Structures are given as structure tokens and as C-alpha cells.
Amino acid sequence: MKAVSVVTPGKIEIIDVPDPSPSSTQVVVEVAAVGICGTDLHIFEGEFAPKFPIIPGHEMTGTIVEIGKDVTNLEIGDPVAIDPSVHCGECFYCRRARGNLCESWNALGVSMPGAAAQYLLSPKKNIHKLSRGVDLESAALIEPLSCAVRGYDQLPRIPGSHYLIYGSGTMGLMMAELARVNGAASISIVDLNEEKLKTAKTLGFTNVATSASKFNQPRGFDVVIDCTGVIAAIEDGLSYVMPGGTFLQFGVANQDAKVGINPFWIYNKEITIVGSMAVLHSFDRAVELFTNGVLNADAMISDRYPLDKYEDALHAFKSGKGRKTMVLPNG
Ligand SMILES: [Zn+2]
Ligand SMILES: [Zn+2]
């Protein structure tokens with residue numbers, strides 16, 4: 001089969017590798033769509049992936065083409081979405097049901113071969129069956145949605161709250177959709193890129209601006225969510241947390257970046273700062289929300305590339321011009 005290989009940081013090749021074959025508890029999926037996100041850019045630039053070469057791609061859907069002999073609940077032809085998380089199930093954190101903090105954390109497309117390939121080998125427990133006839137390209141949004149659902153698990157979910165979201169890319173927009181589902185009193189979205197704010201407007205979010213100072217919210221916001229990982233945005237966002245409010249660090253900052261925080265303010269105004277990492281018991285709920293139509297995939301997905309053009313897709317994503325970029329390995 002054809003696959004994308006990040007050979008070393010900054011270097012991508014299209015390679016020919018043997019078709020995968022399943023062990024008794026694995027399945028082989030013919031990949032329909034694989035989304036590109038900031039994590040893939042970090043991997044391309046040499047972060048996250050513990051070793052190279054690696055086949056990237058962790059936001060994926062496809063159709064089952066082969067099943068191991070001990071797989072009983074899946075059939076060839078089933079349309080599926082795949083949770084990329086591979087937790088050991090045995091370490092200190094896994095035993096505390098915190099598998100996303102696993103001491104031997106792995107993920108398809110990060111530390112194990114991913115879906116930027118014609119076929120993907122997956123443990124059966126990572127497979128989530130979708131309904132027949134589902135649009136598999138749109139359904140590749142389920143994985144990032146499951147990360148957003150995990151983010152909300154870390155937040156107080158109080159109806160009538162005011163939300164401020166930094167970043168109007170896929171993750172910011174998913175966070176905004178979930179704020180709506182959670183009964184937000186208002187949802188404000190800030191992004192320096194006016195093009196990205198247009199998508200927010202298409203989705204019905206009217207409080208959008210290139211600076212949070214434009215929003216009339218004198219007490220600040222109950223919930224501020226950073227979906228950028230950009231230090232200036234994070235510092236700005238912290239200054240808009242209402243007394244008693246919560247700040248969620250969802251965007252991925254560079255590993256050694258630092259921000260200044262005023263401990264007196266955290267104490268005196270009872271500020272909560274939380275983080276959220278990847279997926280944790282949230283994939284099934286993302287499937288439910290997706291099936292219920294919480295996302296407008298047509299508005300979110302802007303670009304489609306064949307597998308051979310994976311590197312072009314990465315660069316296009318990095319340029320910030322489009323919205324969600326999908327690679328279609330068998331399209
Ligand atoms: Zn991702
Ligand atoms: Zn573990």
C-alpha cells in the first residue's frame with residue numbers, strides 16, 4: 001500500500017509498504033478520510049512523535065476490510081471512526097481512569113502507524129461503528145470533536161454562562177458549538193484572521209472580533225477557552241476571566257513556552273485554570289453528538305487532497321488560509 005512517511009522532522013516521503021494484516025484482536029480499515037490538525041504540524045516539525053519515521057494521521061474514518069479471528073462485534077464493510085488513543089490499561093494513571101496521562105501513552109498517527117495511508121491497522125477496542133450510509137469524510141471530524149468533549153469534561157457546565165473562545169479554527173468552532181449545546185448565555189470568538197471569523201459567522205456566531213476588547217462584557221467571562229496555543233492569546237485570555245471563572249488551556253503551546261500569572265488574582269478572585277489533553281472516555285459521546293448533527297461539516301471542511309499531496313495539504317493548513325483540510329487516501 002501507499003503511505004505517507006515523516007522520515008525525519010521536516011522531511012516527507014510517499015512510501016510503499018506491505019499491506020497490514022490483523023492479529024486476532026485487530027482490524028484493518030481502508031481509510032476514507034484523515035484530517036490534518038496542529039498536532040500533525042508539530043510532528044512534522046519534530047515534536048510529539050517519540051521516533052521517526054512515522055506514518056502520521058490520527059483523525060480518521062474508513063471501512064473495515066479485514067478482521068482478526070477474535071473480533072466478534074464488527075463486520076467487513078462496517079463504516080467506522082477510530083479513537084487513536086492507545087493506553088496501556090495497567091499503569092498508575094490508567095488505573096485511576098486517566099488513560100490520557102498514561103505512563104506509556106501511545107496513539108495511532110503519533111507513536112504508531114497512522115491513517116495517512118491506504119490502510120490502517122487498529123486494535124478492535126479503538127473502533128467505533130458508524131451507521132451505514134454515513135458520510136465518512138464529514139465523520140473524520142469526530143476525533144477532534146471527541147477532544148473538544150474531553151475539554152468540556154474539564155469545565156463547569158453551568159447554563160447561562162458567558163464563553164470567550166480564542167481561535168476560530170476547527171477546534172475553536174467545535175468548542176463554540178458545544179457551548180451552544182451547554183446553554184451558553186453568550187459565545188464570543190476572537191481570531192486575528194478575519195477569514196476564519198467568517199466561518200464562525202456562517203455557523204451563526206455573531207459575537208466575533210479580532211480583539212476581545214471589542215466585546216461588551218465588563219465583568220469578563222465565566223469560561224475562557226484558548227484554542228490557539230499562542231502565548232499572546234493565552235495572556236490576553238487570562239485577563240478576561242470573570243471572578244469565579246475558569247480558563248481552559250486547550251490549544252497546544254510550544255513545550256517550553258511560559259506565561260506570567262498573578263497568584264494574588266487567582267487566590268482573590270477564585271480563578272480556576274484547567275488543561276485538557278486529547279481524548280478520554282469521550283469518543284462515544286462525540287459519535288452521538290456528530291450523529292445528532294451538532295457539527296456543520298460543509299462549513300468546516302474546505303480542502304481535500306489525495307495522499308500524494310499530503311505535504312501540500314500540511315503547508316496549506318499551516319498557511320491558515322483554509323478551514324479543515326482532509327486527505328483522502330483512496331479517493
Ligand atoms: Zn488532531
Ligand atoms: Zn497506562
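The model is predicted.

**The parallel sheet**

Six strands form an open sheet with parallel pairing. Their order is β12-β11-β10-β13-β14-β15. The edges are β12 (207-209) and β15 (272-275). Each edge strand has a single partner, so one side of each is left without a neighbour in the sheet. On average, neighbouring strands are turned by 15 degrees against each other, direction ignored.

Within this sheet, β10 (residues 162-166) runs parallel to β13 (residues 221-226), and 4 bridges join them. L164 stands opposite V224 of β13.

Two helices lie on the sheet. Helix α5 (residues 170-181) lies across β10, β11 (186-190), β13 and β14 (241-249). The angle between α5 and β11 is about 170 degrees. Helix α6 (residues 194-202) touches β11 and β12 as it packs on the sheet. The direction of α6 makes about 175 degrees with that of β12.

**Two nonpolar cores**

Nonpolar side chains in soluble globular proteins tend to be buried together. Here the largest nonpolar core has 49 residues. Those with the most contacts inside this core are I142, L145, M175, I189 and I225. Helix α5 gives the most to the core, with 7 residues.

What does I189 touch, not counting residues up to four places away in sequence? Its contacts include I165, L173, A176, L197, A200, F205, V208 and F215. G167, S168, N207 and A209 are also touched by I189.

Another core lies apart from the largest one. This other core has 37 residues, among them V34, A107, A116 and A117.

Strand β3 spans residues 26-36. Of its 11 residues, 8 are buried, so β3 is largely enclosed by the rest of the structure.

| Partner of β3 | Sense | Bridges | Residue pair |
|---|---|---|---|
| β4 (residues 59-67) | antiparallel | 8 bridges | V34 and M60 |
| β8 (residues 119-123) | antiparallel | 5 bridges | V28 and L121 |
| β17 (residues 324-328) | antiparallel | 3 bridges | I36 and T325 |

**The zinc site**

Which residues coordinate the zinc ion (ligand 1)? They are C37 through SG, H58 through NE2 and E59 through OE. The distances are 2.1 to 2.2 Å. Along the chain, the donors follow the spacing C-x20-H-E. H58 and E59 are both buried. Strand β4 covers residues 59-67, and E59 is one of the zinc-coordinating residues.

**S138 in helix α3**

S138 is found in helix α3 (residues 136-139). Is S138 buried or exposed? With a relative accessible area of 10%, S138 is buried, because the cut-off for buried is under 20%. The S138 side chain has a polar contact of 2.4 Å with the side chain of D135. S138 also touches F290, A297 and I301, not counting residues up to four places away in sequence.

Conventions
Residues numbered from 1 in each chain as written. Chains lettered and ligands numbered in written order. Predicted model: local features only at pLDDT ≥ 70, side-chain atom pairs only at ≥ 80, totals over all residues. Heavy atoms only, no water. Pairing = 2+ DSSP bridges. Axes fitted to C-alpha atoms, helices over the stretch in contact; angles between N-to-C directions. Contact = heavy atoms within 4.5 Å. Donors = N, O, S within 2.8 Å, 3.2 Å for Na, K, Ca; no water. Buried < 20%, exposed > 50% of the residue type's maximum accessible area, 1.4 Å probe, protein only. Polar contact = N/O pair within 3.5 Å; in protein donor to acceptor, adjacent residues only side chain to side chain. Core = buried A, V, L, I, M, F, W, Y, C linked by side-chain atoms within 4.5 Å.
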